[in-house]
Amino acid sequence: MVRLIAAVVRKDLTLTLLRGNGLVQALLLGLLLFFVFSLSQGVGERASPQSAATVFWLSSTFCQVLIFSQIYALEEITNARFGLLLVPAPIQAVWLGKAIAGFCLLLLAQLVFLPAAIVFLGQTVSGALLPALLALLLVDTGMCALGSLIGALAQGQGTRESLMSIVFFPLLVPLLLAGIGVCSQTLGTESPDDADIWLRLACAFDAVFFGAGLLLFGFLYSGDD
Amino acid sequence: MLKNPVLACILLVAGCFAFACCQWLVYVYAPLEATMGIAQKIFYIHLPLAWWALVSFFVVFLGSICYLLKRSPGFDRLCAAAAELGVLLSGLALVTGALWARKSWGIWWTWDPRLTTTLIMWFVYSGYLVLHGLEMPRQRKTVVCAVLGVVAFLDVPLVFISARIWRSVHPAVFAAGGGGLEPEMKLTVIACVFAFGVFWAGLLLLRMAQLELCARVQALRQGE
Amino acid sequence: MLELENIAKLYGDKVILRNIRCSFFAGSISLLLGKNGAGKSTLLRIMAGLSRPSAGEARYTDSAARSRGIGYLGHATFLYSGLTALENLRFWSDAWGSNRCDDDLLSVLERVGIMPYAHELAGVFSRGMAQRLNLARVLMLNPVMLLLDEPFTGLDEVSRTVLHKEVRAARARGACVVLISHDAVVDAPLADRILLLADRGLAFDGAPSAYAARACMEDAPWCA
């Protein structure tokens with residue numbers, strides 16, 4: 001199972017980063033969002049930390065939809081899905097492998113989005129960094145666990161991206177709130193609460209959707225058309 | 001199978017009648033609320049709507065699990081009917097909730113955890129219905145919908161909790177509605193919820209019977 | 001190795017297969033014949049576990065088949081166009097959990113005659129070359145169950161000979177091979193057993209010699 005996971009991760013990253021047009025589309029969309037949102041501020045104004053955090057997570061979510069739609073589409077062209085189904089290992093390995101690959105790609109994209117938030121939306125990092133980093137990892141984990149499931153769900157559909165968005169966005173609300181809550185604190189919002197409670201919520205989300213992914217993926221990723 | 005529409009019709013008529021009787025309770029029996037006046041009567045329709053919307057979503061959840069385990073198309077129809085009903089009822093609950101909020105708190109919308117949860121659920125299950133209406137192989141579609149039905153309901157408590165935390169971060173000036181209800185009001189609300197439940201069950205069964213008929217017609221047409 | 005028990009398959013209300021009952025054994029080559037649309041590919045997919053039978057069961061009596069995987073070569077090539085031939089093989093061998101070094105993989109490519117193109121992207125391969133690479137993918141895994149769905153499509157005479165040789169080698173190794181072919185004349189000498197699908201069921205199951213005799217009696221075109 002571990003071998004299958006590793007093979008899927010390596011293959012997806014190779015195909016996305018080295019052979020395809022990679023993250024370009026997802027990155028451009030995210031950056032455009034930052035730029036367009038910066039129009040909402042008057043000249044010389046600076047966006048509130050919460051707005052900046054919101055745009056950051058919005059970009060990440062769009063990016064995520066594109067990433068998972070892309071890496072699940074890899075199996076569609078020559079029906080390699082059936083090949084993966086025949087591998088004598090639990091099929092959940094494919095879910096996990098794709099989730100990990102998506103996680104790496106998302107982190108890469110966010111490396112670009114962070115400076116964009118600082119440049120376009122005039123932010124400064126003034127709060128504690130550790131909770132923000134933790135929140136980033138936890139939220140990304142949940143997004144990928146769910147994204148990998150939704151990617152399999154939308155697979156084979158002509159309107160993949162829009163379908164994924166309408167299903168993915170509302171489900172992701174708790175996680176987005178957590179991400180925005182913690183990140184806006186780091187960017188300087190005064191808040192009576194600790195980041196703790198949000199981190200705990202993110203953990204709960206991760207746990208629930210990891211379980212759901214493991215249990216439900218087998219139904220989605222099957223041979224029957 | 002023929003029993004279904006008959007039972008559905010009986011339930012529908014009974015539900016309508018019971019709910020009509022409840023109007024007497026609402027407007028005559030229950031006392032007028034001191035601060036909100038007549039607008040408070042919205043509450044008696046809002047609560048049953050919200051309640052049965054949530055029950056519909058729970059039915060989708062249970063039906064989806066059963067479908068995944070048993071693969072019987074009946075469960076898929078149950079889920080589809082319940083999801084349609086849930087979206088309709090939660091939509092109406094949102095409208096009545098907004099009216100209530102306007103009258104009670106002076107604004108149309110607030111980060112009330114219950115209101116927010118209802119809205120998010122409305123979004124999720126609307127997506128579910130979009131998925132259900134898509135052109136794809138039937139087998140695949142029912143499995144995909146069933147998985148979404150399970151995942152969507154798992155999200156409910158998380159959405160509720162997160163909305164509650166969010167509210168504490170952005171302190172709302174408004175206290176959550178409800179609170180101490182007078183006994184007459186309580187009785188009226190319970191009667192309304194119950195009467196609406198009968199109506200709901202009738203609607204669900206009727207819709208299921210319709211969907212079953214639809215499937216048969218399609219099968220016959222394909223057989224030609 | 002594999003037992004089919006009363007397999008039936010329906011698409012909607014259309015019966016594709018019904019009452020298929022037979023067993024497949026290790027160290028044998030079975031040739032599956034039938035007209036277009038007779039359900040050969042469907043049956044093979046059911047045997048591979050890629051399709052769920054509407055009724056009945058495909059049961060592997062040999063646990064090795066499940067633990068070592070099933071080699072399946074269908075119309076789709078399962079190749080990633082963005083990976084080179086060698087990378088494709090490496091991915092599938094890694095996914096299968098079989099530890100193979102590059103030299104091993106190259107020798108497999110040599111066997112099917114596309115060694116010179118090992119470092120070219122599979123996306124630029126012609127149909128025949130992709131089919132050979134696909135063949136290499138299946139062969140390198142040394143599966144105990146080998147299901148081939150019209151493997152000769154797009155192959156020239158040389159490749160066909162290679163494939164015949166490899167299929168015989170697989171049988172010698174103790175594998176169970178099931179082969180779908182359109183060309184009974186060319187491929188019948190390869191088989192130990194012939195199965196004919198007609199009228200949604202199994203119309204013939206026996207040795208090639210018996211099949212030839214029967215076919216002659218019925219004045220079938222392949223006896224000419």
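**Figure 1. An open sheet in chain C.** Let's start with three strands: in chain C, 3 strands make up an open sheet, lined up in the order S2-S1-S4, with antiparallel pairing. Bear in mind that everything shown here comes from a predicted model. Strand S2 (14-24) and strand S4 (55-60) of chain C are the edge strands, and each of them pairs on one side only. If you ignore direction, neighbouring strands of this sheet are turned by 20° against each other on average.

**Figure 2. Zooming in on one pair of strands from that sheet.** Strand S1 (residues 2-11) of chain C and S2(C) run antiparallel, and 7 bridges join them.

**Figure 3. Strand S6 of chain C, tucked inside.** Is strand S6 (residues 145-149) of chain C enclosed or open? Here 5 of the 5 residues are buried, so the strand is largely enclosed by the rest of the structure. Now look at where the residues point: Met145(C), Leu147(C) and Asp149(C) go one way from S6(C), while Leu146(C) and Leu148(C) go the other way.

Figure 4. Strand S5 (residues 70-73) of chain C runs parallel to S6(C), and 4 bridges join the two. Tyr72(C) has Leu147(C) as its bridge partner in S6(C). S6(C) also pairs with strand S7 (residues 176-180) of chain C, again in the parallel sense, this time over 5 bridges. In that pairing, look for Asp149(C), which stands opposite Ile180(C) in S7(C).

**Figure 5. Ser159(C) and its surroundings.** You'll find Ser159(C) in helix H6 (residues 157-172) of chain C. Why does Ser159(C) count as buried? Because it has 20 C-beta neighbours inside 10 Å, and 20 or more is what the label "buried" asks for. Leaving out residues up to four places away in sequence, Ser159(C) touches Gly128(C) and Arg132(C). Gln131(C) is another landmark: Ser159(C) and Gln131(C) are 28 residues apart in sequence, and their C-alpha atoms are 9.7 Å apart in space.

**Figure 6. Where chain A meets chain B.** Here 27 residues of chain A are in contact with 28 residues of chain B. On the chain A side, the elements giving two or more residues are helix H6 (129-154), helix H7 (160-171), helix H8 (173-186) and helix H9 (196-220) of chain A. Which one gives the most? That's H9(A), with 10 residues. Sorted by class, this side of chain A has 21 nonpolar, 3 polar and 3 charged residues.

**Figure 7. Val147(B) and the largest nonpolar core.** Set aside its neighbours within four places in sequence, and Val147(B) is in contact with Leu153(A), Leu216(A), Phe219(A) and Leu220(A). Val147(B) is also one of the residues that touch the most other members of the largest nonpolar core, which has 219 residues. Others on that list include Ala135(A), Cys79(B) and Leu147(C).

Figure 8. An unreviewed UniProt entry gives the annotation "transmembrane region" to several parts of chain A, among them residues 21-43 and 166-187. Residues 21-43 of chain A are 65% helix and 0% strand, with end C-alpha atoms 35 Å apart. Over residues 166-187 of chain A, the chain is 91% helix and 0% strand, and the end C-alpha atoms are 29 Å apart.

Key
Residues numbered from 1 in each chain as written. Chains lettered and ligands numbered in written order. Predicted model: local features only at pLDDT ≥ 70, side-chain atom pairs only at ≥ 80, totals over all residues. Contact = placed C-beta atoms within 7 Å. Nonpolar A, V, L, I, M, F, W, Y, C, P; charged D, E, K, R; others polar. UniProt positions renumbered as here; feature names shortened; annotations may be inferred. Pairing = 2+ DSSP bridges. Axes fitted to C-alpha atoms, helices over the stretch in contact; angles between N-to-C directions. Core = buried A, V, L, I, M, F, W, Y, C linked by C-beta atoms within 7 Å. Buried ≥ 20, exposed ≤ 12 C-beta atoms within 10 Å, placed from the backbone.
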